[in-house]
Amino acid sequence: MPEPRLISSYLDVLAAQLPASIVEELADGLTETHRSYLRQGLAPDLAARAAVAEFGEPEMIVAGFARVNPARRAARRLLGVGPVVGACWLAALVTSRAWAVPLPARMLAGLTLAAVIALLATSALGTHYRLAARTGAAGFLGVIALDASLIVGVAFAGAPLTWVLALAMAASAARLCYAARALRPALAG
Amino acid sequence: MRAEALKGHLDAMLLAALEGGPQHGYAVIEALRQSTGGRLDLPTGTIYPALRRLEQAGLIAGTWSVVGGRRRREYQLTPAGDQALSGRRADWRDFSAMVTAALEGGPCPNPA
């Protein structure tokens, strides 16, 4: 049976804002809703209208999925642990007197950090599913690059391994793993 | 029953709807309508984000199948979901007994 135009238009609105897998699931549910109205004896167009009305406003559904967007949740967690990891590195740099990093490298790290925070904040606060997923993915990549640079940089600098430095490296490694795990679902969104 | 009145209880109701076995989204809302005697007035589309949230929490697991040429996502309770449902039921019994006692008078039964 061909899909009534009202249902395909409704799904088009959702497809413009949500990932294909979510839209497929919603399409199945909407088709089942439509069929249940057809079984009750409604004409196809009336059944489509009733099904769409029962499903609810597309904006409400999109907002519901935005709230459970895994990229948004991961961005919030990374923003939450950011100050803790930062404090670990600050303590490590102070105690190991590793301030002698060249100015351009420090500036690059600072700018990257600011960009990563902006991307994660956009994702964490976003109500648009795709924007939250894309900015989240870019932010996760930034976190991975930052943490990998810190760990590799310290390893190559040959700084004496203190427990504070080991703690900072472990915190960065854990954050890097979390960001890498969050990257795949964010890219799929 | 409107969505705002269900706040905090929808998750437990969804878990209960899945207790009998795997169901897809539309079947879940139909099961809820039947079990509530048609009093549940919730836009069908709002069930799907709630199911994803429960899946992310590890309380249900979703799998894809193909039915009538369409891809369909079915959900089933995980052991953690089963445990969470038991806990929610016990909490609800205590809570409703307490509120009933406060509103209608009479002794409040001791929690189990």
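**Close-up views of a two-chain predicted model**

Chain A has 8 helices and 0 strands. Helices (H or I, at least four residues) and strands (E, at least two) are DSSP runs, numbered from the N terminus. This is a predicted model, in which local features need pLDDT of at least 70, side-chain atom pairs count only at pLDDT 80 or more, and totals for chains, interfaces and linings use all residues. Residues are numbered from 1 along each chain as its sequence is written, while chains are lettered from A and ligands numbered from 1 in the order in which they are written.

View 1. Follow the sequence of chain A and you read α-α-α-α-α-α-α-α. With a radius of gyration of 24 Å, well over the 16 Å that the globule rule gives for 189 residues, chain A is more spread out than a compact globule. (That radius is taken over C-alpha atoms, and the globule rule is 2.2 Å times the number of residues to the power 0.38.) Along the principal axes, the C-alpha atoms of chain A fill a box of roughly 80 × 25 × 20 Å. Of the 189 residues in chain A, 34% are buried. Here, buried means that 20 or more other C-beta atoms lie within 10 Å of a residue's own, exposed means 12 or fewer, and partly exposed is in between, with C-beta atoms placed from the backbone. Take the contacts in chain A with a separation of 6 or more: 74% of them come from residues 24 or more positions apart. Two residues are in contact if their C-beta atoms, placed from the backbone, lie within 7 Å.

**View 2. Helices α7 and α8 of chain A, side by side.** Two packed helices are described by the angle between their axes and the distance between the axes. For α7 (residues 129-157) and α8 (residues 163-188) of chain A, the axes come within 8 Å and cross at roughly 150°. That makes α7(A) roughly antiparallel to α8(A). Axes are lines fitted to C-alpha atoms, for helices over the stretch in contact, with angles from 0 to 180 degrees between N-to-C directions. Angles under 35 degrees count as roughly parallel, over 145 as roughly antiparallel, 65 to 115 as roughly perpendicular and the rest as oblique. Residues that meet here include F140(A), L141(A) and I144(A) from α7(A), and L176(A), A180(A) and L183(A) from α8(A). By class, this contact has 20 nonpolar, 2 polar and 2 charged residues. Ala, Val, Leu, Ile, Met, Phe, Trp, Tyr, Cys and Pro count as nonpolar, Asp, Glu, Lys and Arg as charged, and the others, Gly among them, as polar.

**View 3. Where chain A touches chain B.** Chain A brings 18 residues to the contact and chain B brings 16 residues. On the chain A side, the elements giving two or more residues are α2 (20-39), α3 (44-55) and α4 (58-67). The largest share, 8 residues, comes from α2(A). Sorted by class, this side of chain A has 7 nonpolar, 5 polar and 6 charged residues.

View 4. Look for I29(B) in helix α2 (residues 25-35) of chain B. I29(B) counts as buried because it has 26 C-beta neighbours inside 10 Å. Leaving aside neighbours within four places in sequence, I29(B) is in contact with T44(B) and I47(B).
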